[in-house]
Amino acid sequence: MSGREEQFIHQAFQSNWIAPLGPNVDQFEQAVEKYLGENTHALAVSAGTHAIHLALRLCGVKAGDSVFCSSLTFAASVNPVCYQGAEPVFIDADQDTWNLSPQALEFALQDAKKNKRLPKALIVVNLYGQSADYDAIRALTETYKIPIIEDAAESLGASYKDKKSGVLGDYGIYSFNGNKIITTSGGGMLVSKDKKAIERARFLATQAREQAKHYEHKEIGYNYRMSNIVAGIGAAQIQELEARVQKKREIFQNYKETLQELPGVSFMEDAPYGTSNKWLTVLRLSPAEAPVTPTMVIETLEEENIESRPVWKPMHLQPVYKAAKYYPHPKGSVSHKLFAEGVCLPSGTGMSEEEQGRVIDVIRKLWQ
Ligand SMILES: *Cc1c(COP(=O)(O)O)cnc(C)c1O
C-alpha cells in the first residue's frame with residue numbers, strides 16, 4: 001500500500017457509498033482512461049477473469065465456438081472460454097520473447113481455415129509483464145477479421161512500441177489481484193476504444209438489467225461490478241504505477257547483474273519492440289550448462305523461507321485441458337521448455353536491497 005488508500009476508503013464510508021458503483025469506481029476508471037489516453041474507455045470489474053469473460057461475450061463467443069489462446073499462461077486467461085461453452089485451442093510461445101508465437105499462430109490459422117473452424121477470438125497474453133508482438137499477430141488475424149483480447153493482467157505499465165500495454169487488442173483486460181503490479185485486493189478492468197462495447201459490458205456486468213423502474217431482463221448478465229470500497233484502493237494505487245515499474249525494473253537489473261555470470265543462467269529479456277514492467281524477474285537455467293535444476297533453486301530458497309515459483313505450467317499440459325488442441329512452434333514446442341527451465345524470483349516492489357541480496361546469495365551458493 002502507498003498510504004493514500006485509506007483516505008479513499010474513508011470517503012466511501014463517510015458518504016455511505018458501500019456498493020458496486022460510486023465515486024471511487026468512477027475515479028478509478030477515469031484515472032485508467034487518462035493513463036491510457038487514445039480515447040480508451042474503461043469498466044472496473046470484480047476480477048480480471050470477469051473482464052476476459054465479458055470480452056468474450058462482446059466477441060459473440062458461444063457454445064461450440066473455438067477460441068485461440070496463448071498456452072504459456074495462468075488458467076484464468078482461458079477458463080472463461082469454457083464458461084461460454086466454447087473450445088480453447090492453445091498456441092505455443094516464441095523462443096525469444098516467451099510470448100505468443102506468430103509462426104505457431106500462422107500455422108494454427110491455416111489449419112483452422114482448412115478445417116472451416118476459424119476461431120471467434122484470439123486471447124493474447126502478455127507474459128510476466130512483457131508484450132506479445134501485436135504487429136506480427138494482427139497481420140495474421142486481420143485477414144480473417146478475428147478480434148484480439150489482450151490479456152494485460154500482468155503487464156499494466158509496460159509498452160509495445162509507442163503504445164501502452166492493454167490497448168493493442170480490440171479489448172484489453174487488467175487484473176488488480178493481490179499479486180499484480182497494482183492491486184485492489186481483488187479486481188479487474190476491461191478497456192476498449194469502442195465506447196459502445198464498454199457500455200454493453202457495463203450492462204452485462206450489472207445483471208443485464210434493463211432501464212426500467214422494475215427489474216426487467218431480456219438476456220443473461222453477471223454480477224461483475226467492482227465495489228466502491230476496493231475501487232478506492234485502486235484510485236490510490238494507480239498513482240504509484242510508474243514508480244513501481246521503475247522499481248520492478250531495478251530489481252530485474254540487480255538480479256541480472258549479480259547472477260548472469262553463473263554458468264547456464266539467462267533471463268527473460270526485454271523484447272526489442274517494447275518495455276516490460278518486469279512484473280516478475282524470470283531466470284532460465286540451461287539443462288546442459290547449469291549444475292542445478294529449477295527445482296533445486298526453488299527448494300533451496302524455500303529452506304531459507306524465500307518463496308519462488310516455476311514458470312506457468314502451459315495450458316496444453318494441464319489435466320483439465322488435455323483434450324484441447326495445441327499448435328507448437330513449427331520448429332518444435334517452446335512453452336514446455338520454458339516451463340521446465342524457468343524460475344520466477346521474488347520481485348515484490350516492497351523488497352529491500354538486503355532482501356534481494358539474500359535471494360542472490362542463496363542462489364550463488366548453489367553454484368559453488
Ligand atoms: C492474474 C491473471 C489473470 C486473472 O486475473 P484475476 O483478477 O485474478 O481474475 C488473468 N490472466 C493472467 C495472465 C493473470 O496473470
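Guide: One term to start with: buried means under 20% relative accessible area, exposed means over 50%, and partly exposed is in between. Also, this is a predicted model.

Visitor: Okay. So is Lys 278 buried or exposed?
Guide: Lys 278 has a relative accessible area of 3%. The cut-off for buried is under 20%, so Lys 278 counts as buried.

Visitor: Where is Lys 278 found?
Guide: In the loop between strand E11 (274-275) and E12.

Visitor: And what is phi of Lys 278?
Guide: Near 50°. That is a positive value in a residue other than glycine. Most residues other than glycine have a negative phi.

Visitor: Which loop holds Glu 38?
Guide: The loop between H2 and E1. Phi of Glu 38 is also near 50°, again a positive value in a residue other than glycine. Glu 38 is partly exposed, with a relative accessible area of 38%.

Visitor: Let's talk sheets. How many strands form the sheet with mixed pairing?
Guide: Eight. The sheet is open, and its order is E1-E9-E8-E5-E4-E2-E3-E14.

Visitor: Which are the edge strands there?
Guide: Strand E1 (41-45) and strand E14 (325-327). Each pairs on one side only. Across this sheet, neighbouring strands are turned by 20° against each other on average, direction ignored.

Visitor: How many bridges join E3 to E14?
Guide: Three. Strand E3 covers residues 87-91, and the two strands run parallel. In that pair, Phe 90 stands opposite Tyr 326 in E14.

Visitor: Which strands does helix H2 lie across?
Guide: Helix H2 (residues 23-36) lies across E1, strand E8 (171-175) and strand E9 (188-192). H2 runs at about 140° to E1. Helix H7 (residues 195-205) packs on the sheet too, touching E1, E8 and E9. The direction of H7 makes about 15° with that of E1.

Visitor: What about the sheet with E10 in it? What is its order?
Guide: E10-E12-E15-E13. That is an open sheet of four strands, with antiparallel pairing. Its edge strands are strand E10 (265-267) and strand E13 (309-310), and each pairs on one side only.

Visitor: Over how many bridges do E12 and E15 pair?
Guide: Four. Strand E12 is residues 281-285 and strand E15 is residues 342-345. Leu 283 stands opposite Val 343 in E15. Arg 284 stands opposite Gly 342 in E15.

Visitor: And how many bridges for E13 and E15?
Guide: Two, in the antiparallel sense. There, Arg 309 stands opposite Cys 344 in E15.

Visitor: Which way do the residues of E15 point?
Guide: Gly 342 and Cys 344 point one way. Val 343 and Leu 345 point the other way. All of these are buried.

Visitor: Which helix lies across E10, E12 and E15?
Guide: Helix H9 (residues 241-259). H9 runs at about 160° to E10.

Visitor: New topic: empty space. How does anyone find it?
Guide: Rolling a probe the size of a water molecule over the atoms shows where empty space is left.

Visitor: What volume does the largest pocket have?
Guide: About 570 Å³. It has 22 lining residues, and the closest to its centre are Asn 179, Trp 279, Leu 280, Arg 309 and Ser 347. H9, E13 and E15 each supply at least two residues of this lining.

Visitor: How many residues of each class line the largest pocket?
Guide: 10 nonpolar, seven polar and five charged.

Visitor: And the second largest pocket, what is its volume?
Guide: About 270 Å³. Its lining includes Leu 21, Phe 203, Glu 210 and Arg 225. By class, the lining has three nonpolar, two polar and four charged residues.

Visitor: How many cavities of 30 Å³ or more does a search of the whole structure find?
Guide: One. The volume of this largest cavity is about 40 Å³. Among its lining residues are Ser 70, Ile 91, Asp 92, Trp 98 and Leu 127. By class, seven lining residues are nonpolar, three polar and one charged.

Key: Residues numbered from 1 in each chain as written. Predicted model: local features only at pLDDT ≥ 70, side-chain atom pairs only at ≥ 80, totals over all residues. Heavy atoms only, no water. 1 Å grid on protein atoms, 1.4 Å probe; cavity = no way out; pocket = protein on both sides within 12 Å on 5 of 7 lines; lining within 4 Å. Points joined across faces, edges and corners; volume = space filled by probe spheres on them. Nonpolar A, V, L, I, M, F, W, Y, C, P; charged D, E, K, R; others polar. Pairing = 2+ DSSP bridges. Contact = heavy atoms within 4.5 Å. Axes fitted to C-alpha atoms, helices over the stretch in contact; angles between N-to-C directions. Buried < 20%, exposed > 50% of the residue type's maximum accessible area, 1.4 Å probe, protein only.
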